[in-house]
Structures are given as C-alpha cells and as structure tokens.
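Morning, everyone. I have one model to walk through today. Please have the sequence and the coordinates open.

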Amino acid sequence: GYALLQLRKAQAMGTVHSRAFESRFGWLCARYRPRCAWWELLYLEARFATAVAGALSTTSPTQATQVIIAITAFMLFAQLAMKPFMETAEDAQHWSSSNKIAVLGYVSQLIVLGSGMLSLHMEWAEDSQTGIEKAGAGIVEGLVSVITVVAMLTPLVLSIWILLMSRSAD
C-alpha cells in the first residue's frame with residue numbers, strides 16, 4: 001500500500017536513491033538498481049504467495065507444491081533477466097555477487113521442491129511395488145535425500161565461505 005505509493009512517487013520525481021527517501025524506505029529499494037526499485041515488493045509478494053500455497057496444501061499437497069515450484073521458477077527467471085541487485089562489474093564476476101547468490105537460492109529451492117515431489121510420488125507408488133522395486137525405490141529415495149540435503153546446504157556453505165574469504169582479504 002503506502003510504501004508502494006511512496007516508491008512510485010519517488011520514481012516519478014527521480015528521488016528513489018536520495019538520502020531523504022532512503023532514510024525512510026531504504027529497506028525497500030537501496031540494494032537494487034534504479035530500474036528494479038520495486039524488486040523487494042515482488043519478492044515479498046512471491047514469499048506471501050508461497051506461504052498461502054503451503055497453507056492450502058492440506059487439500060492437495062501436489063498442487064500446492066506445483067504452485068510453489070511455478071512461483072519459484074518465475075522468480076528465478078525474473079532474477080536472471082533483471083539482475084536486480086546493484087553491483088559493480090567487478091563484483092558481478094565473483095561468487096559473492098548478490099545476483100548469483102539469489103540465483104543459487106532459487107535453484108536450490110527448486111531442487112528441494114522437486115525432490116519432495118519425487119519422494120511424495122514414490123510414497124504413493126510404494127503400496128503396489130514388489131520386493132525388487134521397493135529396493136530400487138529405496139536407493140532412489142536415498143539419492144533424493146542426499147541431493148536434497150546438498151541443495152539445502154549449498155547456499156549456507158557458500159555464504160560462510162564468502163564471509164571467510166572476505167575476512168581473510170581484509
């Protein structure tokens with residue numbers, strides 16, 4: 001509501017990155033390129049839609065997960081197309097690039113969601129499997145679990161590595 005109205009007004013006046021606007025609404029757009037000052041609002045709306053889809057998952061977990069995958073895929077492609085975070089050309093070359101870290105986060109989320117869908121499908125198919133099929137499914141389920149853990153930990157490990165590298169450079 002109000003923050004979006006103020007953002008539009010500041011964009012029209014060309015004062016989005018002025019001290020006065022940033023002191024009050026810096027959380028909204030200070031990290032973003034001027035043409036992407038609205039990115040934080042899009043991100044918040046995507047998170048809200050994801051939470052709503054998750055809350056509605058009691059009726060159909062598969063459909064809710066598909067909606068969340070669609071939202072995440074949209075945000076990934078928008079991130080790749082817009083590169084909304086403000087950074088220098090030199091910063092963009094490093095893994096500490098905010099745009100690269102955001103892409104990694106979306107990709108990891110898609111991997112986790114996809115492996116969750118696969119696990120859910122395998123659970124449903126488990127009742128009609130023979131002994132050998134169950135053994136094969138167990139191996140696949142183990143691999144899915146490992147991939148999920150790696151996808152979940154990769155952004156954290158990368159962030160810690162970047163933090164340690166930046167401290168050693170100082």
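First, the ground rules. This is a predicted model, where local features need pLDDT of at least 70, side-chain atom pairs count only at pLDDT 80 or more, and totals for chains, interfaces and linings use all residues. Residues are numbered from 1 along each chain as its sequence is written, and side-chain values use heavy atoms, with hydrogens and water left out.

Now the make-up. The protein chain has 7 helices and 0 strands. From the N terminus, the order reads α-α-α-α-α-α-α. Helices and strands here are DSSP runs, numbered from the N terminus: H or I with at least four residues for helices, E with at least two for strands. The chain has 170 residues, and 29% of them are buried. Buried means under 20% relative accessible area, exposed means over 50%, and partly exposed is in between, with a 1.4 Å probe and protein chains only. Next, contacts, meaning heavy atoms within 4.5 Å. Take those with a separation of 6 or more: 57% of them join residues 24 or more positions apart.

How do the axes of H1 and H2 cross? They come within 11 Å, at roughly 110 degrees. The axes are lines fitted to C-alpha atoms, for helices over the stretch in contact, and angles run from 0 to 180 degrees between N-to-C directions. H1 and H2 are therefore roughly perpendicular to each other. For the cut-offs: 65 to 115 degrees is roughly perpendicular, under 35 roughly parallel, over 145 roughly antiparallel, and the rest oblique. The crossing of H1 with H2 is left-handed. That term applies if the near helix is turned anticlockwise from the far one by less than a right angle; clockwise gives right-handed.

Who makes that contact? From H1, Tyr2, Ala3, Gln6, Leu7 and Ala10; from H2, Phe21, Arg24, Phe25, Trp27, Leu28 and Cys29. By class, that is 9 nonpolar, 1 polar and 1 charged residues. Nonpolar covers Ala, Val, Leu, Ile, Met, Phe, Trp, Tyr, Cys and Pro; charged covers Asp, Glu, Lys and Arg; the others, Gly among them, are polar.

Stay with H2, residues 19-29. Its buried residues are Phe21, Phe25, Gly26, Leu28 and Cys29. They pack against H1, residues 2-13, and H3.

Next pair: H3, residues 39-55, and H4, residues 61-82. Their axes come within 8 Å and cross at roughly 165 degrees. That makes H3 roughly antiparallel to H4. This crossing, too, is left-handed. On the H3 side, the contact residues include Trp39, Ala46 and Ala53. On the H4 side, they include Ala64, Ile71, Met75 and Gln79. The class count for H3 with H4 is 14 nonpolar, 3 polar and 1 charged residues.

Two alanines from this contact. Ala46 lies in H3 and is buried, at 7% relative accessibility. Its C-alpha is 6.6 Å from that of Ile71, 25 residues apart along the chain. Leaving aside neighbours within four places in sequence, Ala46 touches Ile71 and Met75.

Ala64 is in H4 and is also buried, at 7%. Ala64 and Ala53 are 11 residues apart in sequence, with 5.2 Å between their C-alpha atoms. With residues up to four places away set aside, Ala64 touches Ala53 and Ser57.

Further along H4 we find Gln79. Is Gln79 buried or exposed? Buried, with a relative accessible area of 1%. Not counting residues up to four places away in sequence, Gln79 touches Trp39, Pro84, Phe85, Asn99, Ala102, Val103 and Tyr106.

Now the loop between H4 and H5, residues 89-92, which holds Lys83. Lys83 is not a glycine, yet has a positive phi of about 45 degrees. Lys83 is partly exposed, at 44%.

Last item: charge pairing. Side chains of opposite charge can pair when their charged atoms come close. How many salt bridges does the structure hold? The count is 1. The criterion is a side-chain nitrogen of Lys or Arg within 4 Å of a carboxyl oxygen of Asp or Glu. The partners are Glu40 and Arg31, at 3.0 Å, N to O. Glu40 is buried, at 11%, whereas Arg31 is partly exposed, at 47%.

That is my tour. Comments, please.
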